[in-house]
Amino acid sequence: MANPRASESKREQFRRYLEKSGVLDTLTSVLVALYEESDKPNNALDFIKCHLGAALPEPANTEALHMEVADLKQKCNLLIVENKELRNRLMQYEPDSLSGVAE
């Protein structure tokens, strides 16, 4: 059987590591927030995850956001092209109208 002192020493080292890295303080503050919550959440683990910042978006939601970003980039590029075309057409009729406007 392992030496009880060695095991205790490893525990103490690990505890100091958690304390030094701020894990104990963070966990304590989240647990205190849960304790002080007047309406206890149905799922305490979700509460803890949310307050630790570990709640990740659902993969389906992430995919939808990626698709929306791609769509918006495409629309932005189309608007940039349209803007350049309109500026060129305007320059044909009013050459001095865009002299101080940034593109």
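I took helices as DSSP runs of H or I with at least four residues, numbered from the N terminus.

I noted that this is a predicted model, where local features need pLDDT of at least 70, side-chain atom pairs count only at pLDDT 80 or more, and totals for chains, interfaces and linings use all residues. Residues are numbered from 1 along each chain as its sequence is written, and side-chain values use heavy atoms, with hydrogens and water left out.

**Start of helix 3.** I checked the start of helix 3 (residues 44-52) and found a side-chain oxygen of Asn43 within 3.1 Å of the backbone nitrogen of Leu45.

**Rings.** I searched the whole structure for aromatic pairs (ring centres of Phe, Tyr or the six-membered ring of Trp within 6.5 Å) and got one.

Is Tyr17 buried or exposed? Tyr17 is exposed, at 52% relative accessible area (buried is under 20%, exposed over 50%, partly exposed in between, with a 1.4 Å probe and protein chains only).

**Helix 2.** I found Leu27 in helix 2, which covers residues 23-36. Leu27 counts as partly exposed because its relative accessibility is 36%.

Definitions and conventions: Rings of Phe, Tyr and Trp (its six-membered ring) pair if their centres lie within 6.5 Å; planes under 30 degrees apart count as stacked, over 60 as edge-to-face and the rest as tilted. A polar contact is a pair of N or O atoms within 3.5 Å; within protein, one must be able to donate a hydrogen and the other to accept it, and residues adjacent in sequence count only if both atoms are side-chain atoms. Helices (H or I, at least four residues) and strands (E, at least two) are DSSP runs, numbered from the N terminus.
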